[in-house]
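Please find below a briefing on the model displayed here. It is arranged by topic for a reader who has the coordinates open.

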Amino acid sequence: MALRRRTLSLSPYFRRLTQRCGQRRPIVTGRDRLFRVSEAVQDALATGKPVVALETTIYTHGYPYPENVALSSHLESLVRVNGAVPATIGILGGRALIGMGAEELIELVSAAGNKNTWKISRRDLGFIGGLGLRGHALNGGTTIAGTMVLAHLAGIKVFATGGLGGVHRGGENSLDISADLTELGRTPVTVISSGCKSFLDIPRTLEYLETQGVGVGTFADGRQGEVDFPAFFSRDSGVKSPKTILDEADAAAIIYAQSVLGVNSGLLFANPVPEHSAMSREEIDSIIAEAVSEAEQKGIGGSANTPYILKRIRELSKGGSVKANTALVEANVIRGTKVAVELAKLERRDGAAPQREDSSKLVIPPNSSSSSMRESRSTPSTERQSVQPVDVLVAGSLASDTMCDHQPFHITAQSTSPVPHTSNPSSISQSPGGVGRNVSLAAHLAGAKVVLASAVADDLAGSSLLDHVTKSGLQTTAIRQLSTIDGARTAQYVAINDTNKDLVVAMADMSIFARPELEAPGYWTAKMGQSKPTWIVVDANWSPSILSSIFAAAKASGALVAFEPVSTAKAARLFHKDNHFVTSAKVVPDHVVSLASPNHLELSALYNAAREAMMFESEEWWSVIDSLGLSGGGSRERLVSVAGRELVEQGIPQQGIQLLPFIPNLITKLGRRGCLLTCLLRRGDERLTRPENAPYVLSRNLSRDSDLGGLYMRLFPPFMEVAQDHIVSVNGVGDTMLGVAIAGLARGRTLEEVLPIAQEAAVLTLKSPEAVSPHVRDIQDKLDRLR
């Protein structure tokens with residue numbers, strides 16, 4: 001099994017190196033000597049990926065070394081985990097770097113406090129760059145103003161930071177006003193911060209921003225009605241925010257509109273400090289008053305004023321301000337990343353924004369007009385039903401299925417398949433279907449509490465499906481009904497089968513599962529927050545953008561995720577570039593998907609999609625693969641002993657192993673050959689030590705530096721051989737198997753325990769005209785009897 005790094009592919013660095021061999025050296029311009037955008041950021045901007053700018057003053061003039069190194073790495077990780085590319089901006093050797101590498105960041109932040117490490121605002125850029133050209137190489141941490149200038153030059157529109165500068169107390173006399181405010185008035189970059197520093201004059205700061213033409217809004221963050229502009233350490237300031245922003249999708253739409261209209265000023269979106277880390281307004285006001293009074297008595301003003309006051313606040317609060325500061329910076333980076341992701345989606349759709357479920361949640365003060373805000377015509381189908389916690393939430397398709405079984409007048413060896421380009425005699429039946437519906441019903445019949453999260457149109461087919469779901473005993477609180485006036489159509493699936501009931505061709509209209517109304521991350525977060533599932537099953541009928549939102553919400557909920565690939569074409573959506581939440585860095589234990597159930601063709605599609613997306617080239621992926629300790633020849637023989645030579649020759653076990661860092665449990669459905677379980681075991685898993693499991697443990701990780709215990713693979717034969725004349729329909733067989741398996745896992749059982757029972761349930765459906773056999777209910781007792 002060729003998993004050695006040198007034989008798989010050249011790294012991006014060596015590919016670029018070989019491509020450049022024989023070429024003339026590129027011409028270095030004056031701008032190149034002063035300004036560099038990293039290749040990662042350039043690539044992201046060129047391909048429409050979301051990018052988030054991060055400042056560096058927080059490291060050079062805020063946190064001490066080495067805490068600043070850890071924070072810089074952590075904040076960049078938060079950007080990546082939430083689906084964007086971080087662009088940390090700073091000055092090294094007089095050169096502005098947009099997208100600093102790890103070594104560059106360490107070099108900069110380790111020089112914190114050094115006299116040759118400046119605090120860089122707009123006014124300082126020419127000085128530090130010019131001195132660098134003359135050989136006096138200086139470093140610099142960029143302030144909000146300095147970061148905005150450089151981000152705009154690079155083409156970055158979203159910038160996440162801690163707190164904004166503002167008008168100092170007494171600023172009407174001293175004219176001590178932060179350059180951050182004037183920069184917002186002339187540079188079209190959106191800043192996400194926790195308002196401005198608490199010790200500043202907040203009312204005058206907002207007044208000055210209005211004069212500069214800066215749009216200011218505050219995220220509702222779950223609150224209703226008008227909200228306060230935050231006061232950095234505390235969520236409330238006593239000053240109402242000019243606007244209230246519902247969520248990241250609204251924020252992105254505002255940025256997009258401002259950009260398209262060519263308004264050359266920035267936007268300030270205030271994000272309140274998380275409640276669990278916020279300081280009370282009374283406490284912080286008292287501390288600030290004391291710190292400001294001391295500064296005035298000692299005559300500390302100008303650029304020294306803010307660092308001094310922040311130092312005293314830290315001391316007087318006994319570290320409480322540090323906790324709040326760290327929490328708010330993290331929250332702002334996460335919020336800013338989500339805004340950037342939504343903005344990237346909107347730009348790809350040329351402004352075709354998803355309509356909000358409830359427009360009334362956007363609060364605009366009475367003196368502003370809101371009559372032009374268009375309310376969504378879409379509504380949840382059963383909003384008044386009570387929402388109960390469940391074992392499983394299935395985010396998947398609900399469709400009307402039409403099955404056409406070929407029935408020629410005279411059966412011959414040549415007549416088993418329908419004849420193209422003409423009418424064929426057949427038996428046609430219609431029934432409710434959809435992968436999501438099938439998985440939900442199977443899990444429900446197996447005894448799990450299930451809610452189906454899907455979408456239908458307000459047409460006859462949609463109404464019929466909703467009625468069916470209700471009669472099946474499933475909750476419908478998470479099924480959204482969209483308006484046909486807006487072009488929505490209930491999903492339809494038509495299958496053409498041969499005389500053996502094997503699929504020949506299928507046609508599907510699943511366009512409703514790519515509707516922009518369903519892309520808002522808050523929509524999925526709300527559904528999962530209401531139902532609190534243990535497992536979330538996601539099928540690949542959703543568009544990559546919607547999948548990204550579902551995965552992000554699932555990760556935030558803490559539930560385990562199972563992925564059903566649906567088809568070879570749709571399986572690739574897991575690693576599609578528009579699915580921002582699944583990245584090459586998200587390997588175990590930070591993986592997104594815990595389980596997938598492809599057939600062997602879908603497994604190959606997943607593997608090829610991951611390879612084309614360069615998922616197998618990340619250091620994180622190699623770290624997991626290397627820890628498995630798989631050698632070339634010996635590993636192949638072990639695979640043959642477990643999976644059989646035929647599967648190994650087809651590359652099925654090898655493809656599964658390479659996907660394990662992203663999906664640590666794979667059930668590959670092999671039809672009449674059963675199914676192949678491939679998984680990573682945690683350290684301490686009893687299968688690593690039980691003698692009966694020894695033949696299936698292909699490798700062990702002996703290092704104590706990882707939670708990874710080993711690689712496990714086992715071929716499960718089919719539950720029984722089913723004679724051809726007993727097969728009624730293959731539709732829904734795999735869905736039934738997955739639904740029953742998830743129902744067992746939700747009860748705390750292991751995959752090895754539930755797979756044979758899930759295979760038995762699949763056989764029941766194979767013999768049934770229904771997409772999920774009603775007799776699946778009979779296997780509940782077998783799940784109950786598992787130890």
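**Sheet pairing and beyond**

Strand β14 (residues 399-406) and β15 run antiparallel and are joined by eight bridges. Two strands are said to pair if DSSP finds at least two bridges between them; helices (H or I, at least four residues) and strands (E, at least two) are DSSP runs, numbered from the N terminus. This is a predicted model, in which local features need pLDDT of at least 70 and side-chain atom pairs count only at pLDDT 80 or more, while totals for chains, interfaces and linings use all residues. Residues are numbered from 1 along each chain as its sequence is written, and side-chain values use heavy atoms, with hydrogens and water left out.

**Strands β1, β3 and β4**

- Strand β4 (residues 95-98) pairs in the parallel sense with strand β1 (residues 35-37) over three bridges, and R36 stands opposite L97 there.
- Strand β3 (residues 85-92) pairs with β4 in the antiparallel sense over four bridges, with G90 opposite L97.
- Two residues lie between the strands of the hairpin of β3 and β4, where G93 has a positive phi near 60 degrees.

**Helices α27 and α28**

- The axes of α27 (residues 733-746) and α28 (residues 751-766) come within 8 Å and cross at roughly 145 degrees.
- This crossing of α27 and α28 is right-handed (a crossing is left-handed if the near helix is turned anticlockwise from the far one by less than a right angle, and right-handed if clockwise).
- Residues of α27 including V733, M737, V740 and L745 meet residues of α28 including L751, L755, I757 and L766, where contact means heavy atoms within 4.5 Å.
- The residues of this contact comprise 13 nonpolar, four polar and no charged (Ala, Val, Leu, Ile, Met, Phe, Trp, Tyr, Cys and Pro count as nonpolar, Asp, Glu, Lys and Arg as charged, and the others, Gly among them, as polar).

**Domains**

- The domain assignment gives domain 1 (31-156), domain 2 (158-350) and domain 3 (533-669 + 675-716); such bounds come from an automatic or database domain assignment.
- The centres of domain 2 and domain 3, taken over C-alpha atoms, are separated by 42 Å.
- Five residues of domain 2 contact five residues of domain 3.
- About 380 Å² is buried between domain 2 and domain 3, with 47% from carbon and sulfur atoms; buried area is the accessible area (1.4 Å probe) that two parts lose on being put together, summed over both.
- Of the area that domain 2 buries against domain 3, V341, K345 and R348 supply 88%, more than any other three residues.

**Backbone exceptions**

- Most residues other than glycine have a negative phi, and most peptide bonds are trans.
- The V588 to P589 peptide bond is cis, with omega near 10 degrees; P589 is in the loop between α21 (568-571) and β22 (595-596).
- F232, a residue other than glycine, has a positive phi near 60 degrees and is found in the loop between β9 (215-219) and β10 (244-245).

Technical notes: Axes fitted to C-alpha atoms, helices over the stretch in contact; angles between N-to-C directions.
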